[in-house]
Amino acid sequence: MTIMPGFGLMVDTHFPTMIRPIMQQVLLTLFQQPEHAATTLRERVCNTLRRAIHSGALPLGQRLPSSRLLAADLQVSRVTAEAAYRQLEAEGYLQRRVGQGTFVAIRINKPLPVRKMAGQLRLSQRGEAILHTGGCRDPLQPLPFAAGSPDLRAFPLKLWQQLTAQQLRLRGEALLRYGDPQGYLPLREAIAGYVGQTRGVQCTAQQVIVLTSSQQALQLIATLLLDQGDNVWMEEPGYLGARNAFISAGANLIPVNVDEAGLQPSSTLPAPRLMYLTPAHHYPTGVALSLERRVTLLEIARREQSWIIEDDYDSEFHYDGQPMPAMQSQDRHGNVLYLGTFSKTLFPSLRLAYLIVPAERAAAFTTARTLYDGHSAQLMQAVTAEFIQQGHFAAHIRYMRQLYRSRRDGLLLQVEQRLKAFATAQPASGGLQLAVWLPPGQEARLTRQAQQLGVITPGLAAQYMTPQARRDGWLLGFSALTPGEISAAVEQLSKITSG
Ligand SMILES: Cc1ncc(COP(=O)(O)O)c(C=O)c1O
């Protein structure tokens, strides 16, 4: 061994003099990278060598410096360098031959550049179908007039915070474990009690499945109940999230006209395997499904052995009298799947919704759910259960309903008074948004103008499946806006020039 003054290196004379400085530099550079920092110096040396082997800098058969040289190069003790070599020998990265030295014992193929791979990999046909739906990715910002957001400024955060602390104190680590895939039992009991009292839904906790969202429920239903080509009756216009879920399952979607009495069944339509309905307030127009139509649709479902999804997404917010009881309460043959969400009544990021299914089907839905995500977050389920059981949920909804009713009244009046040059409101007895019809062919232009004035006006035309059926309009979300914010936004819209 000699000292080479030019490099300041100790050189192992058995080592080719060209490789040695390069290797030393590579190892030193890797050793100094912060991501290789570890709890011990020995582990840091190990990380350095593993990385050098994985990156191909140290190929199969490459001889490494002696532990004494390595220690000097990396400025660690010889004991540390020796321990690192022993560790990597045990892991199979290195081989130590008595009298010969330490060698790389493994060949790691370098990964191909990611870009090339991504271009070659294809999606499944199902994946392509999903991609083409574009998803349902409304950002739901609480800006005027983004649709469907609750007013989170009015949410009782302090109380929620206290209940969260209380649940953690009382149940502690039990809430951190894996939970029941069907849902936390006290929450299922609370939901069964709540929908029974307020919506007439007939069920026990055994029929309730707690999910992360209505969207997850729709996807679960599509996967579990629909085969390729099955007919699905969709409200026209209708909810894009549901449409996308059924498209992803390869279903044959049949748009069915909605009039003042809701979805209008007709004997000329092919029999459905499933019907998607929003009976309390049709999404997006807000009309209620009449009693007569409900009876007819339940009869069709019985006769054709079809499922009905009753998406009761915002019936809590009914402002003129009581909403009609849920269709599920009139179902005598187990055709109805009842769907509710806490996204509107509590807050969207809670990610809790519920699906109520016939008792004989609860096991199938629960099993299918385990393939998705196991279960919903236990802590939030426990807090929500407590919030309902202590009566805070009912009180919160009463309060919010009043708040939203006055906002709906305010917006309706202002649209009628100030936007009558181009907009006609569709009065609805509930909901978090107001549908407004626009002159034919004007939606795109008026939306652009609104945008320039700083107002978001979600369009109605895109909610239709058939181009001929399309009506131009806006769906103005009012629930998250104070009266002042509503007035200011209408003031902006009133500057729009008609046609
Ligand atoms: C008809 C309808 N169903 C369900 C939902 C959403 O529920 P979730 O957030 O639980 O998916 C919405 C939200 O806008 C909706 O309009």
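Modeller: Let's start with a cut-off: a residue is near a molecule if one of its heavy atoms lies within 4 Å of it. This is a predicted model, by the way.

Colleague: Okay, which residues surround the ligand?

Modeller: Ser213, Ser214, Gln215, Tyr239, Tyr276, Tyr283, Asp311, Tyr313, Thr341, Ser343, Lys344 and Arg351 surround the ligand.

Colleague: And what makes up that shell, by class?

Modeller: There are 4 nonpolar, 5 polar and 3 charged residues. Tyr counts as nonpolar, so Tyr239 belongs to that class. Asp counts as charged, so that's where Asp311 goes.

Colleague: How much of the ligand's accessible area does the protein cover?

Modeller: On its own the ligand has 400 Å² of accessible area, and the protein covers 89% of that.

Colleague: Now the domains. What tells you how much area is buried between domain 2 and domain 3?

Modeller: Interface size is often given as the accessible area lost when the parts come together. Here about 2,700 Å² is buried, with 56% of that from carbon and sulfur atoms.

Colleague: Why do arginine 153 and glutamate 485 count as a salt bridge?

Modeller: Their side chains meet at 2.9 Å, N to O. The cut-off is 4 Å, so the pair qualifies as a salt bridge. Across the interface of domain 2 and domain 3, the rule finds 2 salt bridges.

Note on methods: Residues are numbered from 1 along each chain as its sequence is written. This is a predicted model: local features need pLDDT of at least 70, side-chain atom pairs count only at pLDDT 80 or more; totals for chains, interfaces and linings use all residues. Side-chain values use heavy atoms; hydrogens and water are left out. Accessible areas come from the Shrake-Rupley method with a 1.4 Å probe; for residues, only the protein chains shown count as cover. Buried area is the accessible area (1.4 Å probe) that two parts lose on being put together, summed over both.
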